[in-house]
Amino acid sequence: MKRIFFFFLLSIPLVLTSCFESLKSDSLSKEITDLKKELASLQREEVDYYKERDRGLVIFNDTVKEGEGLYQVLARLQVNEADRRQVVLAIEDSVELSNLRVGQVFHVAKNQKGLVEVFRYEENPATIHLLFRDPKNREFYYRRVDKPLTIRQSIFEGTIEAGSTLHGTLIGVGVPVRMSGIVAGVLQCKIPFSRVRQGDRFRVMLEESFYQDSIWISGKVVYAEFDGKTVGHHEAFRYEDPDPKSTFNAHYTESGEALIFNGLRYPLDRLHITSPFGWRIHPITGVRKLHKGVDYGSPMGSLVHAVAEGKVIVSGYDEFSGNKIAIHHADKSTSWYLHLSKRGVCVGMKVNAGQVIGRVGSTGSSTGPHLHLGFTNAQGKWIDPRSKTMIATPKLEGGRLARLKTQIKLIREEIRKTEAMSPKKIGGSNVKVKMRIISNKVASK
Ligand SMILES: [Zn+2]
């Protein structure tokens, strides 16, 4: 119960933003005083922060527009340049800034000198990121608020009708497009869909989270099964590493074979994109420039892998790229790896997909350890590496394979429980669905 009050308190800034008024209003002070009684068990910082609000902060908000990043939104909120940089640097390790969506809302609370005291980013209605300025050292510290979610499992089971595809069938019964795309993409590694016949059977289990029981927050495909007259029986299982940002989180067969169509290997074992491909205003220089690759934040010395088989055509150093390696691939594309601390290959060497070629560093023009991965196509044009499908490894081995086996047992157990629910037929389709609420819990990523 205390949690609920806490979230209500955090939502107070939203109420006031439309009128741009100071928080120092009598009714609000009373409300805060009342609520403070409920806050005894909560973290001291937040309580102190709301006490501090009597200093008369003013709150502003704005939304992300097409092609914009955090830096641009902060500029429109008339946040001064020094604060803009500090906010970006304080939050970029905790938030995937490359995933901002049009319409997402940012709030800043400014003090009477116009300096940012609080920054608030609502990633979705259930996930709030906050920065508070420490009154003593003036540095920002980060807090994340996860509201309780309802997690629901659904099993969709049916047959393919004449003239229809699996993808089309799933969308037709209300499976979100992104997830039906994942099901089709995973299964097409094993199934030539041209050989799918009317009456072939499929079964898919999704796990989705909802805020307040109805607002969709996230979802994943836990299991997909296809049983066809000519293509045979196939199953795909979702595997999860302990680290949610692990590049191994994907779908595999029961024997650990990765199910990602035409995949490239990832350059790192863990992915945290700090800057995406495309036009951006540089967080440090403030200059608008095309960023010709993806930056992955990564600890100094992390292993860097070749994304595909190829031949090393550059292994050297320059003052901008630092230590750099380029590998030319069979499809005439070239992958580029910059700012390395160590290079482990030389020009002319042949490398395999996934082979270690160097280590993450911060050499050349760089503000901290990260890998810049660039990709040129056969015509030499820079393309977004993320437009190519990437894969951690074609096969899980050792500890990861053992972990997959354990997870498959659990998935089968979950399927059994959800299968026990009574089925609902969906519209005039050949598909029925069974649903089960598996928990009400705080979101985790
Ligand atoms: Zn870069």
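The structure is a predicted model, in which local features need pLDDT of at least 70 and side-chain atom pairs count only at pLDDT 80 or more, whereas totals for chains, interfaces and linings use all residues. Residues are numbered from 1 along each chain as its sequence is written. The confidence of the predictor in each residue is expressed as pLDDT, on a scale from 0 to 100. The protein has a mean pLDDT of 83, and 84% of its residues reach 70 or more. Residues 1-28 have pLDDT below 50, and this stretch has 33 contacts in the model beyond near neighbours in sequence; two residues are in contact if their C-beta atoms, placed from the backbone, lie within 7 Å. Residues 34-47 likewise stay under 50 in pLDDT, and the model has 13 contacts for them beyond four places in sequence.

Helices (H or I, at least four residues) and strands (E, at least two) are DSSP runs, numbered from the N terminus. Two strands are taken to pair if DSSP finds at least two bridges between them. An open sheet is formed by 5 strands in the order β1-β2-β3-β4-β5, with antiparallel pairing. Its edge strands, β1 (58-63) and β5 (140-146), each pair on one side only. From one strand to the next, the twist averages 15 degrees. Within this sheet, β2 (residues 105-110) and β3 (residues 116-124) run antiparallel and are joined by 5 bridges. V108 has F119 in β3 as its bridge partner. Helix α6 (residues 81-91) packs on the sheet and touches β3, β4 (127-133) and β5, its direction making about 50 degrees with that of β5. For such angles, axes are lines fitted to C-alpha atoms, for helices over the stretch in contact, and values run from 0 to 180 degrees between N-to-C directions.

The hairpin between β8 and β9 passes through 3 residues. F226 lies opposite H234 in β9. Strand β9 also pairs with β10 (residues 250-252) in the antiparallel sense, over 3 bridges, and Y239 has A250 in β10 as its bridge partner.

Another open sheet has 3 strands in the order β16-β22-β20, again with antiparallel pairing. Strands β16 (303-305) and β20 (342-343) each have a single partner strand, so one side of each is left without a neighbour in the sheet. Strand β16 pairs with β22 (residues 356-359) over 3 bridges, and V304 stands opposite G358 in β22.
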